[in-house]
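Me: Could you walk me through a few local details of this model? I'll jump between topics as I go.

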Amino acid sequence: MWAKTVTENFANVIHGLNASHLTDLVIQRSKRMILDTLGVGLLGTSTDVFHKVTQYSKIYHSDASSTVWGHSDFRLPPLYAAFVNGIAVHSMDFDDTWHPATHPSGAVLPALFALSEVLPQKQKFSGLDMLLAFNVGIEVQGRLMHFSNEASNVPKRFHPPTVVGTMGSAAATAKLLALDQFKCKAALAVAASYAGAPMANAATQTKPLHIGNAARHGLEAACLASLGLQGNKQILDMESGLGAFYTDYTPRFLPTLQSYSWLLDQQDVAIKRFPAHLGTHWVADAVSSLRKHLVESDEPVPISRIKKIVVKVPDVRYVNRPFPNSEHEARHSFQFAACTALLDGSISVQSFSEQNISRPELKELLSKTKLEHPADNKPSFENLYCEVNVTLQDGEVFCEHCDTFYGHWRKPLSTDDLKKKFHSNASSVLSVEATEGIIETVENLEKVEDCSVLSAFLKGTQSTKVLSKMCLP
Amino acid sequence: MKHISLMHELPAMKILQLSGSKLSSPYHFLRSQKVLAASRQVHKISAQVLESSAAEETVTSSFASFIHGVRPEHLSEVVRHRSKRMILDSIGVGLVGSTTRVFNIALRYCQQLYASNAVSSVYGRKGLKLSPALAAFANGVAAHSMDFDDTWHPATHPSGAVLPALLAASQMLPPSSKPNGLDFLLAFNVGIEVQGRLMRFSTEAHNIPKRFHPPSVVGTMGSAAATAKLLSLNVTQCAHALAIAASLAGAPMANAATQAKPLHIGNATRLGLEAALLAARGMEASPLILDDIPGCSGFSAFYGDYQPKLLPLPANSHEFLLEKQDVAFKRFPAHLGMHWIVDAAASVRNLLINYSGSFSPSLIRAILLRIPVSKYINRPFPESEHQARHSFQFNACTALLDGEVGLNSFTDGCLHRQELTELLDKVLVEHPEDNVANFDKMYGEVALVLENGDVLTGRCDTFYGHWRKPLSRESLLKKFQSNASHVLPEDKVNSIITTVDNLENLPDSSQLASSL
């Protein structure tokens, strides 16, 4: 079997090797290795570090468990609740995006919720505790990204949520647990050893795991730190620490607590209007405007009249896909976004269904679509723009430009539209009551005495008992 | 709030006892923090005093202070408002996301993995079983906990990243499809081979690492490959296992010489196992993860230079790297580099004894160590056992004092001996240009400059245990018996030796795991 790629080739070999390939020498040497490893392992069970991790791992034997969002029929151990809920958040690339580029909330929130459910009933977390811990998690991510210039652009090497997201989750969890300074430091150090996943898995089904893992690994790091595990006390200072993930790395001190200024104060996030890579949002807005020049809003676009579509965007390889084959690829395709917006007027959750991805009309338009990368179009969510030119068969050219899409931090979603998005999403799995309950609880989060009500809503139970627990004025 | 048991059709779970003490909840270790915090809030002023007086001048500690010291009052209006919008949006997105296929796969994986009938054994804990990933984690940590595990060239610790995953997985499979010893041995070698092949994709990998700790990079991939083999995944699944594993790889060097280092192996083996399990459940990832894709890094993300090569195809014979390149086994629990310097120190110690009749430290004016440049193993005055295992100076002086380095050399008692500190004070380090930071090429030299001006030198090019001078079967068994007998009775120790000796004839490889 001839392999075209190294990766395929590795898979072939792993699969194709059999016992007859083992030589005597290899057998002998590998048995020595196995024996030595077993002995070393047995000895190692007498160490402190081993004791800590087994104590930690026993968590998976207990009744203690956390809510899986949208599921009232079973629960999971907190780490895995954080994992799956984090995956859910990033599963459609529908979650928030910040500048410098990362998806901040999905790495933090699931970890906090999961953890908040397993501590004994007497210790409840107020909404304010949750809000503070959440913001610590966001802030740490932002600050870390400012340590390198590389981080300001759309990423090429490591997927940012896996680097800073893991650290943010550790910080947030450490905050919720009220760890002392030494343990906060340890949480950061241990988390660094879990950080970092390569970009190549973006636009694949594995990408959501990047956020799921960031959440759970950060949580795990904080739990281990809480048990006394220590790492490098200068993990953020060293090039061989967090600097390992960057080519330029200049760590900086945080502002003094006397008058702390949060990054979120100066720099908001972008909230997506449809579930696809942020870059496609510029394309969607430009194309929607352009479409209005062609036809009335409820009329179909005359595909055969279109000769050529040119989409001018920055050079971002992993969003350049002329003919996406899966929903994951479609969410990471400038071309797909342009053609869908042209066909339908806008992009929505349904645009990525199997049916819609493989529509013949769409494929026809895709074959007429080309990308261009103007030199002044920088690959940064702060600076990029999209220009679309549609040329008709008769020579007429239409052109539209988008600098700032609706939902970007320069043009944030209105409260109404934010709620509408939430409604539309949540009602796919929760009752109206629970949906409303969450909206109201979050709106008044700093006054909520016991944020476990949120978990109760998230689970999908409907009960007036839960509402009354909210203790709102 | 009532917590519903995960597998509702199974009997109530036992609460485990940890060496006699009863745990009312495994989360009890978390409880105490909140209680302390409550009292801290009451004594806010005294807490602030504590904070400012404990200030160290590092970025890292400023972060820790921030996380620890920030209060709700610090949240501004805008920040509250914006963050609440984020929370709301995030929840909504998560809820709709719970209807996706990827979520479904992840969920089914978690449910299976954390079933209350935990099945996998833990080293030295007879009767304790954990879920496979966590047993792998714990055992991986054990393997690297003292830096006593094997080392290869190019540099990594290959076995600890692979064996625990296989042991755990072997116990996971139903009785009708248990892999036999030969399957196990094959899977083990697949895991080792993949690691070796991946390291040959960059020149950087040939030297002692500076950026990412190799076991956390290639070890994770090796574990995924080995587990995929043991579970007989199809070709496509094998590819996805590797790609999923890549997203779980990579820990920075800075945590070497700290207590967290063993987690690198623990995580490599556990996360590689998880990657394979996810692939088995249909999770898909990048089909080009090992290939070089300009502008969008795959596995290349972990290296400065990266030239991937195809693996030779197995027709009738595949040449495993282990054939040409053996591993080194350590004689004492410290970083491999220490082994050269210890042999050199032991030999110069003998010279001194011959010279003056006994080992008298007072005769020594200076101790010169000629070692390669490698920051994380150059520590003049190590403070912890972890640092001591990564200190040329410490190991050289211990060998000078005691003639050798052993398990006990790293106990508290020995770490801070007066005589040792006196010797450490006399140490000077030199980095000869020809002493490269490479386990195939480096050497160790210890020169004693005596008070009377004479210089005695000991040198080691190849220590006993290195691949050029492998441990004899006797020495290897002695090491195993010495280690294993810390937690297992003699008959068990010997039966493991026999089992591994005859591994290829073992009908059910999970017996190996259950004998631990």
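Me: Where does A:D93 sit?
Reply: A:D93 is placed in the loop between α4 and α5 of chain A, with helices (H or I, at least four residues) and strands (E, at least two) taken as DSSP runs numbered from the N terminus. This is a predicted model, in which local features need pLDDT of at least 70 and side-chain atom pairs count only at pLDDT 80 or more, while totals for chains, interfaces and linings use all residues. Residues are numbered from 1 along each chain as its sequence is written, chains are lettered from A and ligands numbered from 1 in the order in which they are written, and side-chain values use heavy atoms, with hydrogens and water left out.

Me: And what is its phi, for A:D93?
Reply: Although A:D93 is not a glycine, its phi is positive, at about 55°. A:D93 has a relative accessible area of 3% and is therefore buried, where buried means under 20% relative accessible area, exposed over 50% and partly exposed in between, with a 1.4 Å probe and protein chains only.

Me: Which peptide bond is cis around A:P100?
Reply: The bond from A:H99 to A:P100 is cis, with omega near -5°, and A:P100 belongs to the loop between α4 and α5 of chain A. In chain B, a cis peptide bond joins B:H153 and B:P154, with omega about -5°, and B:P154 lies in the loop between α6 (132-144) and α7 of that chain.

Me: What about B:A257, buried or exposed?
Reply: B:A257 counts as buried because its relative accessibility is 5%. B:A257 lies in the loop between α10 (235-246) and α11 of chain B and has a positive phi of about 65° although it is not a glycine.

Me: Switching to aromatics, how many pairs are there over all chains?
Reply: The structure holds 20 aromatic pairs over all chains, a pair being rings of Phe, Tyr and Trp (its six-membered ring) with centres within 6.5 Å, called stacked if the planes are under 30 degrees apart, edge-to-face if over 60 and tilted for the rest. In one of them, the ring centres of A:Y80 and A:F83 are 5.5 Å apart and the planes are at 75°, so the pair is edge-to-face. A:Y80 and A:F83 are three residues apart in helix α4 (residues 78-90) of chain A, and so are separated by about one helical turn; both A:Y80 and A:F83 are buried.

Me: How far apart are the ring centres of B:F201 and B:Y306?
Reply: The ring centres of B:F201 and B:Y306 are 5.7 Å apart with planes at 85°, so this pair is edge-to-face. The pair links distant parts of the chain, 105 residues apart, with B:F201 in the loop between α8 (181-199) and α9 of chain B and B:Y306 in the loop between α11 (261-280) and α12 (321-324) of chain B. B:F201 is buried at 3% relative accessibility, and B:Y306 is buried at 9%.

Me: Which cluster are they in?
Reply: B:F201 and B:Y306 are among the members of one aromatic cluster, which also includes A:F158, A:F245 and B:F212.

Me: Last one, where is A:V397 and what does it touch?
Reply: A:V397 is in strand β6 (residues 397-402) of chain A. Not counting residues up to four places away in sequence, A:V397 touches A:V390 and A:T391, contact meaning heavy atoms within 4.5 Å.
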